[in-house]
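Student: I am new to this structure. Can we go through it in short questions and answers?

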Amino acid sequence: MNLLSILDDSELSLRSPEKVMRPSVMGSARLTRFSFSRSMIRRATSNNWKATRSSIELDEYGRGRIIYRVEAEGHVFHFVAFTTTIDESQHTDRVIADAWEISAALIEGEITQDLLDFLTEEVPKQEDSRLDSRVLVLTRGNRSVRFYEYLVDHLASGSQPNPELVGDAGYIMRSTAFYGNGKFGMRSFLGFDSKHPLSAPYRAQFLAAWLFREASYDSVEYCAQIRNPEKAVAFNKEWCRFFGLGNSTGLGLVPWAMKHPEEVNAWIGIREIALANVRKLPGSAERIEILEKWIDQGYSHFSSFNGEDCWPWMGPDSLSSAILEIQNQFSLLKSDEYPFDALYLWSEHQGDEINELVVSLLLELDETSDEEIDQFLRVNSSHLPDLSLTIKDLKKKFVEKYSWLDELNLESPNAKYFWWVYSDHAEEPRRATRSILDPEHREMPIDIALRLNELRKDLNKIEDDTKISEFLKDSPQHGIAINRLVKESGPYSEPRENVCDLDHVPLNLQRFQLAMYGMDNFKAQSTDWVRVTLFQGAPRITELCSDTSDDWVWPQQPKGTNEDLEKEPV
């Protein structure tokens with residue numbers, strides 16, 4: 001049974017798109033068991049992937065090369081990372097830069113000297129590189145300016161980090177891009193058969209991200225050993241999983257969300273089906289214990305940090321208080337026949353962030369197999385519109401699918417305040433004030449709500465029995481809107497907003513996608529970009545085995561001082 005058929009099942013009590021697709025709800029999403037980081041680790045553990053560090057050649061400043069090898073279900077992959085140092089002034093969170101302290105590639109196959117020479121020449125070039133089908137993912141990033149040298153110096157002196165100084169960081173290095181799927185000559189993921197270990201959407205990128213994070217640990221510990229062979233220690237058990245991989249993102253995620261309705265529907269659809277199924281579950285001692293464990297883990301995580309709210313989202317202090325409220329409420333509800341539904345219904349009246357936090361907790365009770373998840377995430381977005389439809393058919397579809405447009409006030413002056421474009425030099429998405437710069441011939445067509453509204457008005461001027469094909473001959477500007485209108489992308493395919501409106505907040509669509517990736521620790525830097533952490537708490541490569549559990553998210557910040565933290569030899 002395909003995803004759209006399940007979503008169309010009237011017996012399944014799904015949350016309505018009118019609720020789920022609101023910007024504030026999408027902007028409250030949290031990582032779940034469906035997030036790509038967690039599903040990648042589960043695939044690796046359940047199929048006995050073996051990950052090892054093949055070589056590390058660094059100087060005392062961390063300049064050199066690290067290579068990792070992954071054996072996965074009959075396939076061999078290598079992650080080759082080239083490291084250097086750059087001036088602090090060259091550090092940037094933006095996609096466009098001229099230099100990075102780490103540049104790396106994930107390849108499939110064995111490493112030969114010819115291939116290594118090729119990667120050494122091309123990978124540091126990044127966007128200017130010309131790669132081939134052996135390369136699956138290209139990535140790069142930088143060290144934490146605040147913490148990298150601090151961590152090296154402390155480990156070199158035989159000490160563990162001071163949690164008060166680095167505990168809020170969450171990462172050692174920060175990535176700035178993950179390219180794949182045919183870009184710069186790399187292999188297209190369409191070439192993977194369904195049984196390939198990296199065939200699921202984003203799995204190749206997240207394997208690369210996990211190994212990138214491993215490289216950050218190895219770089220610090222190896223440099224510490226070089227600087228002080230007699231006294232240097234490795235990160236102890238409190239710290240060896242705590243750091244994740246930093247990341248930041250800007251406006252680029254907004255065009256993606258608006259241009260990929262089938263993918264958005266799949267991401268949300270699998271979550272909503274799972275939530276509906278969990279809400280129907282009767283209480284049992286085992287299920288209640290599982291949920292209470294996750295609530296306790298969430299409280300331990302958020303309460304171990306200090307942090308006020310960072311607009312537009314709750315910070316650690318507020319989240320730890322919210323978890324306590326959830327814990328107290330569930331203690332009152334767990335004797336109900338359907339305690340998980342009762343907890344959800346309570347959370348609907350607590351604001352969007354608490355509501356979605358409860359959703360993420362409840363989803364830990366879902367038992368959808370990873371095979372089903374991967375299947376549902378693979379979508380076909382190549383459907384062509386049926387041009388034999390008539391204007392009457394289009395009007396009917398407007399009533400069925402887009403009545404919510406009336407809530408957006410699309411005729412107001414503010415509705416067309418911004419326009420979207422790729423910048424001429426940086427090739428990054430931008431939004432500019434429409435009254436200052438004419439968007440003609442340069443506009444990025446993600447203004448879906450505005451285009452649909454213009455189409456709707458023009459349809460009222462045309463005879464109902466007119467074919468779409470005839471209408472498009474005279475009005476080709478409506479092609480994008482008609483294609484969107486007639487495609488059956490699913491009930492959760494359309495964010496209920498106008499991305500050109502003066503009051504549009506890009507952070508909402510950004511957070512929705514980042515949560516699906518598995519990122520957390522959302523820290524908005526403006527209305528347009530946000531910093532996050534990935535794989536914080538995840539197992540290291542030496543810990544990857546069939547017994548690795550899926551409860552590694554939400555790690556507790558390490559406690560103690562240098563005097564009482566355990567020291568371990570490198």
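Student: In the lining of the second largest cavity, how many residues are nonpolar, how many polar and how many charged?
Tutor: This is a predicted model, so the answers describe that model. The second largest cavity holds about 90 Å³ of space. 13 residues line this cavity; closest to its centre are Leu31, Gly518, Asp520, Gln536 and Trp554. By class, the lining has 7 nonpolar, 5 polar and 1 charged residues.

Student: Which strands each supply at least two residues of that lining?
Tutor: Look at the sheet, where the strand order ends in β12-β11. Both of these strands contribute to the second largest cavity. The strands that each supply at least two lining residues are β11 and β12.

Student: Which are the edge strands of the sheet?
Tutor: The sheet is open and mixed, with 9 strands in the order β1-β2-β3-β4-β5-β6-β8-β12-β11. An edge strand pairs on one side only. The edge strands are β1 (50-58) and β11 (519-524).

Student: How many bridges join β1 to β2?
Tutor: β2 covers residues 64-72, and β1 and β2 run antiparallel. Within this pair, Ser55 stands opposite Ile67 in β2. The number of bridges joining β1 to β2 is 8.

Student: What angle does the direction of helix α20 make with that of β11?
Tutor: Helix α20 (residues 507-517) packs on the sheet. The helix touches β8 (244-249), β11 and β12 (530-534). Its direction and that of β11 make an angle of about 160°.

Student: Which helix gives the most to the lining of the largest cavity?
Tutor: The largest cavity has a volume of about 110 Å³. Its lining includes Trp267, Ile268, Ile270 and Arg271, as well as Phe512, Ala515 and Met516. Both α10 (261-279) and α20 supply at least two lining residues. With 4 residues, the top contributor is α10.

Student: How many residues of that lining are nonpolar?
Tutor: Ala29 and Phe34 are among the lining residues, and so are Arg30, Thr32 and Ser35. By class, 2 are polar and 2 are charged. The nonpolar count is 8.

Student: Does Ser28 count as buried or exposed?
Tutor: Ser28 lies in the loop between α3 (23-26) and α4 (36-46). Leaving out residues up to four places away in sequence, Ser28 touches Asp352, Glu353, Glu356 and Arg511. The cut-off for this class is under 20% relative accessible area. Ser28 has 4% relative accessibility, so this residue counts as buried.

Conventions. Residues are numbered from 1 along each chain as its sequence is written. This is a predicted model: local features need pLDDT of at least 70, side-chain atom pairs count only at pLDDT 80 or more; totals for chains, interfaces and linings use all residues. Side-chain values use heavy atoms; hydrogens and water are left out. Buried means under 20% relative accessible area, exposed over 50%, partly exposed in between (1.4 Å probe, protein chains only). Contact means heavy atoms within 4.5 Å. Two strands pair if DSSP finds at least two bridges between them. Axes are lines fitted to C-alpha atoms, for helices over the stretch in contact, and angles run from 0 to 180 degrees between N-to-C directions. On a 1 Å grid over the protein atoms alone, a cavity is a set of points where a 1.4 Å probe fits but cannot get out, and a pocket is an open set with protein on both sides within 12 Å along at least five of seven lines; lining residues have an atom within 4 Å of a point. Grid points are joined across faces, edges and corners, and a volume is the space filled by probe spheres set on the points. Ala, Val, Leu, Ile, Met, Phe, Trp, Tyr, Cys and Pro count as nonpolar, Asp, Glu, Lys and Arg as charged, and the others, Gly among them, as polar.
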